[in-house]
Amino acid sequence: SRVEPGGHWMDPSFANSLSSEELTEMAFELNRFARDCPPGAGLAGNLFKNADFNKRRVTWRQIQEMLNDPFVQRNSGQRMKRLHKIGIGLVGSVPFSFQDEKGLVCFFSRHNADLTLLRSSMNEGFLIGSTDLIGSQIAIRKNREACAAMRREMFIEAIKKVKRELLNNVTNNRPSFGDLATNRSTLDFLTKQRREAQDPLEQDDMATRFKKKVIKLGKKVFKRINNSRKKWKGTKLEGPPRQSFGESAFVAFGVFFTMLTVLKVANAINAADANYKFNGSWYSSTLCIIFALTPAPVGQPRQIFAAHLWNMLVGLALRQIPTGPEDFPTRDFMEWDYSASYGLPLIWKQALAVAFGVAGQAKLGILHPPATGLSYTFVSSDKYSWGTILTVYLADVIVVAMSMIILNLSEVKQYPLYWLGLEWGDAGRFRFFGVQARGHHAPLTKSVSNKLTGRTVSMEGDDRNV
């Protein structure tokens, strides 16, 4: 349940080129020690958690942007911060999966490296090939150790079997050891006994194979349950830092005027035409994310617009499922026996709307948690229809525009970090990425890895050595 470091190497010329002895010693210290970390925490944990093992490509991340992201958990060792301090600003990660081994190789580079050279097809192809080589060595190590243990066990069993045969001969007053050593037939018999003891196929009948599979499955289940129990203790990470009084006052100022504007627009529209009815309170949580967690990817404009549209469409679609008579919507699925012909209980539709809303956002990479409430609202009431979609988008424009104006007045905040999350690929085509990465030069990766164990190998140096 933890990401274990499989190895790490830093180019000595990089450490010796740093401007001070303190930074040089810090670089060598980082190269000497690397600790394991829980998935999703620390540099390696975040990269491993967001790795896509189904795609063979290099994912570049900016360490500064990860440090600024409030959703990135930092491990107690502050390794990410120290890497940035010695001048390492970019990390390219390549996942590998061989047999039962999953892992990640991280290639680090200076913050001022030439991105054109780093992201060239030739260099990225070399990094992917290096990852395959490293990953195959890590994967074969486990099987090699298992084979060696099996051979030792078989050899010991063969010695025991031959020893028992020799002791039986001595006990029954048969020839001495010298006589046995010179007796060809006896030696052939003992050699046969040894080979039979070393033959793994001798005992591998159907019952034995079934027994081994059951034992292996039981060990996996026990390990999964035991790991789950250990996770209950937490990872002893630090909580998010508090904001200063000045920053909190600035947040209150921005939220107040933006929310006031949204409520004014909502009251005016609701009074003018019921077909465009919407509730201004839907934006309370959105403003919390935008103003208090400004760098968070879930609060960027693309997430707001796309997630709102997705959840409203989900609610409208599931609302078309028949619900039944007036007393039927309150029935639970346990009371579905005699009235199933009337339609689907309302609570089922509501639960399905929220489930599809969340799952769709995750799949499409448009996560914006406050938007999920719209799927519940639209499936529950027919007061909100297609006209509401237009007013919600009008409110989205107002919120994004006012947030952009107010937040960029601050010297420590910037909004937005990106608009569409699109980037030009090497071949001149638009490439679409998910929401986990931050920064202009960092491709965004989708969180698809469900396996919480793995290994990371890091290689640090300048852009000529990665």
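This is a predicted model: local features need pLDDT of at least 70, side-chain atom pairs count only at pLDDT 80 or more; totals for chains, interfaces and linings use all residues.
View 1. Residues are numbered from 1 along each chain as its sequence is written, and side-chain values use heavy atoms, with hydrogens and water left out. Buried means under 20% relative accessible area, exposed over 50%, and partly exposed in between (1.4 Å probe, protein chains only). The count of disulfides is 0; a disulfide is a pair of cysteine sulfur atoms within 2.5 Å.

**View 2. Ser-403 lies in helix H16.** The helix spans residues 386-407; helices (H or I, at least four residues) are DSSP runs, numbered from the N terminus. Ser-403 is buried, at a relative accessible area of 0%. Beyond its neighbours within four places in sequence, Ser-403 is in contact with Ile-290, Phe-291, Asn-408 and Tyr-415, where contact means heavy atoms within 4.5 Å.

**View 3. Helix H13 packs against helix H14.** H13 covers residues 301-319 and H14 residues 346-364; the angle is about 145° and the axes are 9 Å apart. Axes are lines fitted to C-alpha atoms, for helices over the stretch in contact, and angles run from 0 to 180 degrees between N-to-C directions. Among the residues that meet are Trp-310 and Val-314 in H13, and Phe-356 and Gly-360 in H14.

Definitions and conventions:
Helices (H or I, at least four residues) and strands (E, at least two) are DSSP runs, numbered from the N terminus.
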